[in-house]
Amino acid sequence: MLRPKIPTMPTPTGRVSPTAVVEPTAVVPTAQTPTPAPMAPASSRPTIQLTPGTAVALVCGGTAVVLVVGAVLVSLLLAVAITAVSVAVCAAVLRSLLASEAKRR
């Protein structure tokens with residue numbers, strides 16, 4: 001009753017090229033000498049050596065950047081919160097004004 005219908009592969013239309021006959025070939029191992037690995041070119045840039053002073057400077061600089069970015073984000077959040085409170089107060093005042101005017105009529 002509920003048998004799945006298996007699709008059949010459609011036959012190609014138009015020009016069909018004949019299938020190529022592939023003949024197996026024998027692989028004959030030959031003695032090959034491995035090529036030497038290329039040497040990496042010497043870098044012309046000097047290597048960076050961290051002294052204790054530069055490490056402390058990097059840590060202090062990173063800390064300063066984190067503190068400045070944090071202060072900016074907190075101030076933006078505070079500005080959004082103050083704006084939301086002021087909009088809510090304005091909406092409450094307007095609602096009370098409209099409600100009192102509707103009662104007078």
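A patch, as I use the word here, is made of residues with over 30% relative accessible area and no salt bridge, with nonpolar side chains such as Val and Leu joined within 5 Å. I note that the model is predicted.

Entry on the surface patch. I looked for nonpolar side chains on the surface and found a patch formed by V65, V68, V69, V72, L73 and L76. Together these residues have about 540 Å² of accessible area. I then traced L76 and found that this residue lies in helix α1, which covers residues 52-104.

Entry on the fold. I counted the secondary structure elements of the protein and recorded one helix and zero strands.

I asked what share of the 105 residues counts as buried. The value is 0%. The protein exposes about 11,100 Å², and carbon and sulfur atoms supply 71% of that area.

Entry on the cysteines. I searched the whole structure for disulfides and found zero. I next looked up the exposure of C60 and C90. C60 has a relative accessibility of 49% and therefore counts as partly exposed, since exposed requires over 50%. C90, with a relative accessible area of 48%, is also partly exposed.

Definitions and conventions
Residues are numbered from 1 along each chain as its sequence is written. This is a predicted model: local features need pLDDT of at least 70, side-chain atom pairs count only at pLDDT 80 or more; totals for chains, interfaces and linings use all residues. Side-chain values use heavy atoms; hydrogens and water are left out. A disulfide is a pair of cysteine sulfur atoms within 2.5 Å. Buried means under 20% relative accessible area, exposed over 50%, partly exposed in between (1.4 Å probe, protein chains only). Helices (H or I, at least four residues) and strands (E, at least two) are DSSP runs, numbered from the N terminus. Accessible areas come from the Shrake-Rupley method with a 1.4 Å probe; for residues, only the protein chains shown count as cover. Patches are made of residues with over 30% relative accessible area and no salt bridge: like charges are joined within 9 Å, nonpolar side chains (Val, Leu, Ile, Met, Phe, Trp, Tyr) within 5 Å. A salt bridge is a side-chain nitrogen of Lys or Arg within 4 Å of a carboxyl oxygen of Asp or Glu.
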